[in-house]
Amino acid sequence: MVTQPDPGFWRGRRVLLTGHTGFKGSWLARMLAALGAEVTGIALDPEPGPAAFAAMRVAEVLAADHRADIRDADALARLQREARPEVVLHLAAQALVGRGHADPAGTFATNVTGTINLLQALRGLPGVAAALMVTSDKVYRNDGSGRRFAEDDALGGEDPYSASKAACEIAVASWRASFADLPPLATARAGNVIGGGDFSEARIIPDLVRAQSAGVSLVVRRPDATRPFQHVLDVLRGYLLQAESLARRTSPPALNFGPRDGEIRVRDLLAAWGGVAWRPAEGPVMEEAPRLALDSTLAGRALGWHPVLDTPRAIAATAAWYAAWRSGADMARATDAAIAEALAAKALAA
């Protein structure tokens with residue numbers, strides 16, 4: 001059986017969601033609204049061009065929609081106090097590996113200092129039952145062997161993005177151990193999340209969509225790299241279940257969320273999508289781990305979390321979202337329908 005987020009927990013609950021203008025944040029805002037939560041968002045403006053936030057009309061489901069940089073400690077603290085949150089879900093981040101190489105200092109400032117600013121603002125804030133900090137599947141010290149990482153494996157990360165997220169994990173653990181005036185804290189580790197509405201730079205699905213729209217061949221950096229691709233709705237279900245468990249003080253301090261059927265090669269994702277003209281990149285490419293895999297056993301045991309969509313269905317659902325978007329469909333309705341289906345799913349064979 002698949003354990004689902006509890007509408008009774010979320011209905012009427014004040015939730016502070018950082019990063020709500022991004023890809024995952026947009027889906028999560030609408031999922032929380034579907035569960036009856038009152039969502040306050042804090043984030044930067046969406047990136048220029050197409051964005052999930054606009055396509056899904058996320059603003060219409062928010063109780064409050066704030067623009068602020070989490071590196072601004074005073075503004076963040078003020079907005080947190082005004083929101084009076086009962087649950088905090090921290091997704092705001094510089095989330096791109098390529099930008100981490102281009103701006104390592106800015107990446108650390110957002111991902112580490114920004115998170116510390118949020119933690120400091122939470123100290124002594126009344127009424128907060130749980131605060132979940134989202135990091136990444138790239139927080140582990142990766143030797144490229146393809147071994148599935150478990151939560152007690154060593155943290156590392158060689159590129160600036162991955163290292164900043166590992167540093168964020170260390171900061172959360174330090175604040176949890178050092179300051180008794182904080183609410184229950186935990187981290188969630190997931191990555192290679194796919195789904196409609198991601199228009200980020202240098203990511204395989206957005207790059208694919210842009211190439212197909214332009215009628216050109218997709219240039220692929222590492223076609224034989226393996227990644228734990230998984231649908232956004234399965235990951236977000238995990239975040240919500242972990243927040244519920246955290247509020248009950250039963251959650252482990254960190255949890256992995258990865259696909260049930262394991263990692264696949266990039267070239268296999270392209271084949272499953274179908275009709276993709278692509279070619280390998282020529283010359284030097286950005287350094288990335290050739291293999292990445294997660295062990296999500298603990299999330300299943302602690303939360304009853306299991307993915308609803310296997311990898312082929314996750315890819316098909318993602319392709320369908322973009323096809324509907326290109327056709328001019330109402331993507332808020334389409335997104336809500338996908339959320340309702342995911343929240344109603346009961347079982348997926350183990």
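**Reading a pocket, a cavity and a helix pair**

Student: How do the residues of the lining of the second largest pocket divide?

Tutor: They split into six nonpolar, six polar and nine charged. Ala, Val, Leu, Ile, Met, Phe, Trp, Tyr, Cys and Pro count as nonpolar, Asp, Glu, Lys and Arg as charged, and the others, Gly among them, as polar. This is a predicted model: local features need pLDDT of at least 70, side-chain atom pairs count only at pLDDT 80 or more, and totals for chains, interfaces and linings use all residues. Numbering runs from 1 along each chain as its sequence is written, and side-chain values use heavy atoms, without hydrogens or water.

Student: Which residues are closest to the centre of the second largest pocket?

Tutor: A pocket is an open set of points on a 1 Å grid over the protein atoms alone, with protein on both sides within 12 Å along at least five of seven lines; lining residues have an atom within 4 Å of a point. Here the pocket's volume is about 390 Å³. Of its 21 lining residues, Asn-142, Glu-158, Asp-159, Glu-288 and Ala-289 are closest to the centre.

Student: What volume has the largest cavity?

Tutor: In a cavity, a 1.4 Å probe fits but cannot get out. The largest cavity has about 30 Å³. Its lining includes Phe-229, His-231, Arg-260 and Asp-310. By class, that lining has four nonpolar, three polar and four charged residues.

Student: At what angle do H10 and H12 pack?

Tutor: Helix H10 (residues 266-273) and helix H12 (residues 311-326) pack at about 55°, with axes 9 Å apart. Leu-269, Ala-272 and Trp-273 of H10 make the contact (heavy atoms within 4.5 Å) with Ile-315, Thr-318, Ala-319 and Tyr-322 of H12. That contact has six nonpolar, one polar and no charged residues.

Key:
Axes are lines fitted to C-alpha atoms, for helices over the stretch in contact, and angles run from 0 to 180 degrees between N-to-C directions. Helices (H or I, at least four residues) and strands (E, at least two) are DSSP runs, numbered from the N terminus. Grid points are joined across faces, edges and corners, and a volume is the space filled by probe spheres set on the points.
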